[in-house]
Amino acid sequence: MPDVIIPGPAGRLEGRYSPSEDETAPIALILHAHPLGGGSMDNDIVDMMYDTFRKRNFATLRFNFRGVGRSQGSYDQGLGELSDAATVLDWVQGYNSGARFCWVAGHSFGAWIGMQLLMRRPEIAGFISVAPPTNMYDFTFLAPCPASGIIVNGGADKIVPADDVERVMSKIRVQKGIEIRRELIPDANHLFTEHVEPLDIMLNDYLDERLPIVEKERSERTITGKR
């Protein structure tokens, strides 16, 4: 897990990168929670999701948004952080030009940034959103959502109530053939304290089911010449 420094829009960005030995391995980008609320790439959920994809032989990268850790710059209301994420994705793609597809995973604020990123990047074939802050940010940009993914929230989350996540996400339109799965871990809070392990199991079960489908879909696109 080598530390990396990536040139970003507001200065250097600190990250950790686990390359894959497979030149065509997919890419995973992991995004952390709110920079002003203690979010960083070293948070437990981010670390867990990083390991999840690393163990699946993805070229996996997590990083600190501007102003966090050794990343330069300062918090920018989400606009700069989205630019950070796009820049970091460009960087990791530069080292993995043969990647079959990309995946984005985020916690809270990072989930919001990740879902914005997937709207802009057709190479993103799936997403994981843990505790997306639907009561704090507008999610109507998902119109329609272009990739399948999973949204997980905690039933004891007092920061983003489960009912609010369900209310917002149940209204999201999707492209044909796209499915957004919504799951609940009943006693989990916003940080999934003491519930990271069941979250890990849930996400791995989803990836076991979903990744073969994505591989097949992307292979068919390559054969037909579609992007």
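**View 1. A network of salt bridges joins Asp3, Arg16, Asp42, Asp47 and Arg62.** A salt bridge here is a side-chain nitrogen of Lys or Arg within 4 Å of a carboxyl oxygen of Asp or Glu. The structure holds 17 of them. This is a predicted model, where local features need pLDDT of at least 70 and side-chain atom pairs count only at pLDDT 80 or more, while totals for chains, interfaces and linings use all residues. Residues are numbered from 1 along each chain as its sequence is written, and side-chain values use heavy atoms, leaving out hydrogens and water.

**View 2. Aspartate 208 meets arginine 56 in a salt bridge, 2.7 Å from N to O.** Aspartate 208 sits in helix H5 (residues 196-224) and arginine 56 in the loop between helix H1 (44-55) and strand E4 (59-63), so the pair ties together parts 152 residues apart in sequence. Helices (H or I, at least four residues) and strands (E, at least two) are DSSP runs, numbered from the N terminus. Aspartate 208 is partly exposed at 46% relative accessibility, and so is arginine 56, at 25%. Buried means under 20% relative accessible area, exposed over 50%, and partly exposed in between (1.4 Å probe, protein chains only).

**View 3. Aspartate 90 forms a salt bridge with arginine 121, their closest N and O atoms 2.7 Å apart.** Aspartate 90 belongs to helix H2, and arginine 121 to the loop between helix H3 (109-120) and strand E6 (124-130). Aspartate 90 is partly exposed at 44%, whereas arginine 121 is buried at 13%.

**View 4. Helix H2 has several buried residues, among them Leu82, Val88 and Trp91.**
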